[in-house]
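Dear colleague,

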Amino acid sequence: MSAPIQLNQALLERTSLTEEGLEQALQKQEASGRRITDVLLEMDVVPESELLAVLASIYSMPIRDSLTPEDVDVELIANLPIAFAKAHRILPVRRDGNRIEVAIADPLLTDPLDDLRLLYPGAHCEPFLVNRRAIVTCINHVYDQGSSADDVAEGFSEEDLDDLASEIIHEPEDLLDSNEEGAPIIRLVNSLLQQAVKERASDIHIEPHEQELVVRFRTDDILYEPIRPLPKRLQHAVTSRIKVMGKLDIAEKRLPQDGRIVLKIAGRDYDVRLSTVPTQAGERCVLRLLPRTQELLSIAKIGLDEESTATLSKLIRRTNGIVLVTGPTGSGKTTTLYASLADINSSDKNIITIEDPVEIRLAGVGQIEVKPQIGLTFAAGLRSVLRQDPNVILVGEIRDLETAEIAIQASLTGHLVFSTLHTNDAAGAITRLIDMGVEPFLIGSSLVASLAQRLVRVLCVHCKEPHTPTDEELRELGISRDELHGRVIYQAVGCTECNQTGYRGRTAIFEILVINDAIRQLISRGIDSKTIQETARKQGMVPMRNFGARKVLEGISTVAEILRQTEEDEVISPDPV
C-alpha cells in the first residue's frame, strides 16, 4: 500500500475527517497538483494536531508540541536563508556530532531535507514534526536575532555611498526576508526598524546634527540612543530611503511632509506613521510604530484594580451619554477606549469610530479616518455617522465647539459616545468643554464619566531591589509607615534585560470621576474644576496619585515614577490603600 493511500485510510479511521471531506480534498489536489496535507489544512476539514499525529505514526517520526528560539542553535542556521526556511517550514535545531535534529511540518515534503544534506555535508538529518505556526513563529524570532543597525553601519565603504538612495528594490513581505546582499542603505534602514521592534520602541527619531546623524528610540516613554551616531554623509541617503518607503516627495526638502509605511516585521504587521520637518541641519524624520494587532484589548488588562474595573464596565454598558478619557499625548487614552470597545463589541451593537488616524484595528467595528483636506473633519464625520444608526460612537478627540455640540446631541438622543480630551485631571474635562463654549447644563445632562490616566513604567522583574522609602516620599504618596507593614517597596536598578533602565513595560494609573447628582449640580452652576475634583474625592473618587501609590505597594512601580507622572498639588486622601 502506497503512503498516500495508507495516509488517506488512516485519516478516515483516526481523525474527524469525513469521507466527503476527503473526496473534496482529493479532487482539489488533482486539480492543483499540491500535496494532500496542504489541501486538507487549507480546507480546514481536519485539525492539524490530528493530521500530525497520523503522519508521525505512519512515518515513525517523533512529534513535539512546541518549538522555542531557545531550542535552536543559531550557529547552525547562519548560512540557511530565512526565505528557504519559511517557504518549506523547516528549521535545523540541534547538532550532535553528525546528527542534526530538524523541525518539519510535513514529512511528504522531502526535497528540502535533501537540500539540507548538501548544506551540511556528511550530516545525518533526523526530522521531527511540529505544527506549522510553531515553526514559522520560531523562524521569525530566531532570525530576528541578527545583526544590529550598528553592525550594518560599520560595514559601509566609500563605494556604498554612491547613489545609495537610488537603489530602491521592492519591499519584501517581511523585513526579515530582505536580501542581505541588497543596497546598503536599505539594509541599514531595515536594521533600524527591526532593532526598534526588538527593543519595543514606539518611535524612531532620525535627527541631523552639524557633524553627524543621531538615531534615537523611544521605549517606555524614554528617549535613548541605541546606536552610535552615523556619519553625516549618510544623512541624505537615509532620509531619502525613508521618504521613498513613505511615498513622499524626495525632492521637496523645504516643507514638512507626512506619510505612512505598511510593514511586516518578524511576522507582525505594523503601520508606521512618518513625519519629516526641515531644520537648519537637514530634514528630521520621526517614525511612530503602531502594531496592527493589539494584545491589551480588555479593560481587565489595562491596569485597573477590581473596583475600578467594575465601575468602568458598568459605564461602558450604558445606552447613552458621554464617557471622556483625558490625559496628555501618549498616555494610553486610545488603548483604554479600544479596550472598552472590545469589551462591548458584539453582533447586536453597531459601533463606529472617527479617528485621526486609525491607530488600532478592531474587527466588527466601522472605523473612519478623518481627512480635513477634503472636508472630512471630526464634525462632518460625526454628522454622517449619526445617519448610520450607531449604538456606540468613538470620536478620536473633541477639538472644537462644533464637534462637542454634535457629540452632546448624539448622547442626548440615545447614543453612547466615547471621546478624549487633553486635560490634566478628570474634572478638567468639564472646564475644557466650558472653555470651548458648551453650555454647562448640556455638559451636566450628557456627561456620565470622565476618566483621567497616565502611563507609568513597570519595574523590571529581573533586577528590582527592595527600597526603604524616606518620610518625604511616603508623605507625598500619602502612605503611612503602618501601611508598609508586611509590604516591600522596590527601586529600579538596571540590567541587560531592561536596557539598564530598571523598567520594562508600562501600565496605567487612573482616576474615574462618575457624574452623580451632586457633581451635576456643580457643573450646571459653573463651579470651577478644582471644587468639583475635591467634592468627588470626598464622595469616594480615588485620586490618580493614590491609585499610583497602590502600584508602589504592590511592587509594580516606584515612588519616583508615580511622583513624576502625577500632579504635585494633588490632595491626598488619608487612606490610599
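**Aromatic pairs**

Phe547 has a relative accessibility of 3%, and because buried means under 20%, Phe547 counts as buried. Please keep in mind throughout that this is a predicted model. Phe510 also counts as buried, because its relative accessibility is 1%.

The structure holds two aromatic pairs. In one of them, the rings of Phe217 and Tyr224 have their centres 6.2 Å apart and their planes at 80°, so this pair is edge-to-face. Both Phe217 and Tyr224 are buried. Phe510 and Phe547 also form an aromatic pair, again edge-to-face, with 5.8 Å from centre to centre and 80° between the planes. Since Phe510 lies in strand E19 (residues 503-514) and Phe547 in helix H20 (residues 544-553), this pair ties together parts that are 37 residues apart in sequence.

Two rings also have a charged residue over the face: Arg64 lies over Phe128, at 3.8 Å from the ring centre, and Lys464 lies over Tyr490, at 4.4 Å from the ring centre.

**The sheet and the helices across it**

Strand E19 belongs to an open sheet of seven strands, which has mixed pairing and the order E13-E12-E14-E15-E11-E16-E19. E19 and strand E13 (366-369) stand at the edges, and because each has a single partner strand, one side of each is left without a neighbour in the sheet. Neighbouring strands of this sheet are turned by 20° against each other on average, if direction is ignored.

Within the sheet, strand E11 (residues 321-326) and strand E15 (residues 416-421) run parallel and are joined by six bridges; Leu324 stands opposite Ser419 in E15.

Helix H11 (residues 306-315) lies across E11, E15, strand E16 (447-459) and E19, and runs at about 60° to E19. Helix H20, which holds Phe547, lies across E16 and E19, and runs at about 140° to E19.

**Helix H9**

How far apart should the ends of helix H9 (residues 184-198) be? At 1.5 Å a residue, its 15 residues should span 21 Å, and the end C-alpha atoms are 21 Å apart, which agrees. H9 is mostly covered, with 13 of its 15 residues buried. Just after H9, Arg200 takes a positive phi of about 60°.

With best wishes

Terms used. Residues numbered from 1 in each chain as written. Predicted model: local features only at pLDDT ≥ 70, side-chain atom pairs only at ≥ 80, totals over all residues. Heavy atoms only, no water. Helix = DSSP H or I, 4+ residues; strand = E, 2+ residues; numbered from the N terminus. Expected span 1.5 Å × (residues − 1). Buried < 20%, exposed > 50% of the residue type's maximum accessible area, 1.4 Å probe, protein only. Phe/Tyr/Trp six-rings, centres within 6.5 Å; stacked < 30°, edge-to-face > 60°. Lys NZ or Arg CZ within 6 Å of the ring centre and 35° of its normal. Pairing = 2+ DSSP bridges. Axes fitted to C-alpha atoms, helices over the stretch in contact; angles between N-to-C directions. Contact = heavy atoms within 4.5 Å.
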